[in-house]
Each structure stands twice: as C-alpha cells, then as structure tokens.
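Visitor: I would like a close look at a single part of this structure. Please show me the sequence and the structure before I say which part.

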Amino acid sequence: ALGKMGEKAASAIPALIHALNHQNSDVRSRAAEALGKMGEKAYTAIPALIHALNDQNSDVRSRAAEALGNMGEKAYTAIPA
C-alpha cells in the first residue's frame, strides 16, 4: 500500500529502509518492493537497496534490483553492484 501511495508515503521511507534489515525475508522483500514503487522519491534508500542485492533470499535480491531500476538516474551508483 505504501508503494502505491508514492510521494504521500515519503515519511515512511526511513522505516522501509530499516525493514530491509528485518530478520523475515518477506518483510525485506516487501520493503524493497514498496521503495521501488516510490521510484526516485525514495532515492535515500539507494545504499540500502544496493546492500540488499547481496541478500541471502533471491526474492529480496530481485525486488531490490527492480527497485533500483525504478530509481532512474539517481541509482547510477548501483551499476557496479
């Protein structure tokens, strides 16, 4: 739901970044998905999403990569990762 709210959910970005480190992989995956749906508005999550590319869970890695792709040019730093 937060991802669909877009800019209105910007205040939730810090909590979603924190959720990328949750012990439950479903929580991590959903956080990455929501951040990706926010697109460039969630650019502060880029370092955490880059870190999530190394997650042990393939769904988390996939959603983090997709989220970074939705960040546009702001995610340029993710290219090496």
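Visitor: Which residues in helix 3 meet which residues in helix 5?

Guide: This is a predicted model. On the side of helix 3, the residues are S25, R28, S29, A32, E33 and G36, and they meet D59, V60, R63, A64 and A67 in helix 5. By class, the residues of this contact comprise four nonpolar, three polar and four charged. Helix 3 covers residues 25-38 and helix 5 covers residues 58-69; their axes come within 8 Å and cross at roughly 10 degrees. Angles under 35 degrees count as roughly parallel, and the two helices are therefore roughly parallel to each other.

Leaving aside residues up to four places away in sequence, L35 touches I13, L16, I17, L20, A42, A45, L49 and M71.

As for the setting, the protein chain has five helices and zero strands. Of its 81 residues, 40% count as buried. Among contacts with a separation of 6 or more, 57% are between residues 24 or more positions apart. The chain exposes about 5,000 Å², and carbon and sulfur atoms supply 50% of that area.

Key:
Residues numbered from 1 in each chain as written. Predicted model: local features only at pLDDT ≥ 70, side-chain atom pairs only at ≥ 80, totals over all residues. Heavy atoms only, no water. Helix = DSSP H or I, 4+ residues; strand = E, 2+ residues; numbered from the N terminus. Buried < 20%, exposed > 50% of the residue type's maximum accessible area, 1.4 Å probe, protein only. Contact = heavy atoms within 4.5 Å. Areas by Shrake-Rupley, 256 points an atom, 1.4 Å probe, with all protein chains shown as cover. Axes fitted to C-alpha atoms, helices over the stretch in contact; angles between N-to-C directions. Parallel < 35°, antiparallel > 145°, perpendicular 65-115°, else oblique. Nonpolar A, V, L, I, M, F, W, Y, C, P; charged D, E, K, R; others polar.
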